[in-house]
Amino acid sequence: MKILYIDDKAEIRTLLGRYLKSWGYDALGAPNGESGWNLIQEHRPSIVITDWIMPDLEGPALCRRIRGAGFPEYTYIIMLTARRDDVVVGMEAGADDFIGKPFNKEELKVRIKAAERIVTLERELALTNLGLQEKNRRLEESEEQLRQMAHFDKLTGLPNRLLFFERLERAVVESKRSESNFGLLFVDLDAFKAVNDNHGHKTGDELLVMAGQRMDGCVRASDTVARMGGDEFCIIVRGVKSFDGPVTVAEKIISSLSRPFDISGITCRIGASVGISVYPDDGDTVELLMTHADNAMYEAKRGGKNSWRRWKPDSPDTDEGVLL
């Protein structure tokens with residue numbers, strides 16, 4: 001263990017150095033507080049034995065400097081003084097122990113042994129804390145991985161059904177409170193089955209990933225694109241002022257997905273049938289909004305695909321849009 005002793009009297013430094021080295025310590029000395037402080041920063045001794053009265057930097061000031069440095073490992077400070085009245089001031093400055101001058105060799109030895117035990121315990125505690133911090137970090141990583149697995153689609157990385165319904169329920173509650181609107185889009189990919197049949201599921205999976213990325217690029221950060229399973233996706237379009245908002249998103253998605261996909265040299269073409277429902281006009285619950293958007297999507301399918309429909313109750317003149 002490394003010990004630094006600081007005293008402006010050469011005879012005391014000589015005596016301390018001889019004792020410490022004979023007891024097996026790695027000892028180094030300094031003639032004043034400033035040079036001692038430089039050695040502390042360079043060598044980081046575990047124990048510092050310092051005189052109280054020195055010409056440049058006195059013992060209490062050195063203690064405060066050590067305590068304020070924020071060293072990761074604890075430095076045990078023993079102060080040498082001939083005045084017992086100095087004890088309170090020194091302890092308040094950060095000293096751990098005192099030895100009176102002139103000091104007794106055996107007393108010095110046992111006090112250093114006590115200091116060594118405390119330093120060792122401090123190091124063990126620091127290592128334990130580091131271990132706990134590492135365990136906590138790994139636990140947080142595991143929790144984040146579980147959260148990702150529970151709330152995000154493994155293939156596309158988009159929110160899954162669970163997270164989607166949580167956000168949809170939240171959108172209903174928040175929109176009801178603020179008396180605002182939002183749109184719900186139900187998207188089903190057209191001609192996706194043909195890609196799987198003709199080029200295999202690996203190509204189909206890559207297509208789903210790319211399709212999800214394109215849809216995500218058509219919305220704002222406040223919106224949600226989720227994969228519901230298979231080739232079905234749902235989108236929450238927040239804060240719309242009119243029906244035009246969801247329609248604009250639907251048309252962007254239809255246009256984006258109509259462009260060819262190049263997957264490992266294979267050109268794939270698909271489309272999208274989109275059903276739209278708007279809160280609260282087309283439903284004021286999660287169940288109604290989902291059912292009506294789903295029904296509207298099937299109307300788009302029956303109407304020729306690659307188009308959007310808005311749900312209308314028992315009406316032949318359903319709002320519709322086709323983007324060829």
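Reader: How many residues of strand β3 are buried?
Author: This is a predicted model, so keep that in mind. Strand β3 covers residues 47–51, and five of its five residues are buried.

Reader: Which way do they point from β3?
Author: Ile 47, Ile 49 and Asp 51 point one way. Val 48 and Thr 50 point the other way. In a regular strand the side chains alternate between the two faces of the sheet.

Reader: Which sense does the pairing of β1 and β3 have?
Author: Parallel, over four bridges. Strand β1 is residues 2–6. As an example, Ile 3 has Ile 47 of β3 as its bridge partner.

Reader: And how many bridges join β3 to β4?
Author: Five, and these two strands run parallel. Strand β4 is residues 76–81. Asp 51 stands opposite Leu 80 there.

Reader: What do β3, α3 and β4 make together?
Author: A right-handed β-α-β unit. Helix α3 is residues 59–68.

Reader: New topic. Where is Asp 97?
Author: Asp 97 is in strand β5, which covers residues 97–100.

Reader: Why does Asp 97 count as buried?
Author: Because its relative accessibility is 15%, and buried means under 20%.

Reader: What is Asp 97 in contact with, leaving aside its neighbours within four places in sequence?
Author: Tyr 76, Ile 77, Ile 78, Met 79, Met 91 and Arg 111. Take Ile 78: it is 19 residues from Asp 97 along the chain, and their C-alpha atoms are separated by 4.8 Å.

Reader: Let's do aromatics. How many aromatic pairs are there in the whole structure?
Author: A search finds six. One of them is Tyr 19 with Trp 23, which is stacked. The rings are 5.7 Å centre to centre, with 20 degrees between the planes.

Reader: Is Trp 23 buried or exposed?
Author: Trp 23 is buried, with a relative accessible area of 18%. Tyr 19 counts as buried too, at 16%.

Reader: How is the pair of Tyr 19 and Phe 103 arranged?
Author: Edge-to-face. The centres are 6.5 Å apart and the planes are at 80 degrees. This pair links distant parts of the chain, 84 residues apart. Tyr 19 is in helix α1, residues 10–22, while Phe 103 is in the loop between β5 and α5. Phe 103 counts as buried at 15% relative accessibility.

Reader: So what do Tyr 19, Trp 23 and Phe 103 form?
Author: One aromatic cluster.

Reader: Now the core. Which residues touch the most other members in the largest nonpolar core?
Author: Leu 185, Met 215, Ile 235, Val 274 and Ile 276. That core has 33 residues. Several elements supply at least two residues each, including β6 (181–190), α8 (201–216), β8 (232–240) and β11 (271–279). Helix α9 gives the most, with six residues.

Reader: Which residues does a separate second core include?
Author: Tyr 19, Tyr 25, Phe 103 and Val 119 are among them. This second core has 20 residues.

Reader: Back to α9. Which residues are buried there?
Author: Pro 246, Val 247, Val 249, Ala 250, Ile 253, Ile 254, Ser 256 and Leu 257. The buried residues of α9 pack against β6, α8, β8, β9, β11 and β12. An α-helix has 3.6 residues a turn, so residues three or four places apart point the same way.

Reader: What span should the 15 residues of α9 have?
Author: At 1.5 Å a residue, 21 Å. The end C-alpha atoms are 21 Å apart, which agrees.

Reader: What is phi for Lys 305?
Author: Positive, about 65 degrees, although Lys 305 is not a glycine. Asn 306 has a positive phi near 50 degrees.

Reader: Is Lys 305 buried or partly exposed?
Author: Lys 305 is partly exposed, at 41%. Asn 306 counts as buried, at 17%.

Key. Residues are numbered from 1 along each chain as its sequence is written. This is a predicted model: local features need pLDDT of at least 70, side-chain atom pairs count only at pLDDT 80 or more; totals for chains, interfaces and linings use all residues. Side-chain values use heavy atoms; hydrogens and water are left out. A nonpolar core is a set of buried Ala, Val, Leu, Ile, Met, Phe, Trp, Tyr and Cys residues joined through side-chain atoms within 4.5 Å. Buried means under 20% relative accessible area, exposed over 50%, partly exposed in between (1.4 Å probe, protein chains only). Contact means heavy atoms within 4.5 Å. The expected span of a helix is 1.5 Å times one less than its number of residues. Two strands pair if DSSP finds at least two bridges between them. A crossover is right-handed if, with the strands pointing away from the viewer, the path from the first strand over the helix to the second runs clockwise. Rings of Phe, Tyr and Trp (its six-membered ring) pair if their centres lie within 6.5 Å; planes under 30 degrees apart count as stacked, over 60 as edge-to-face and the rest as tilted.
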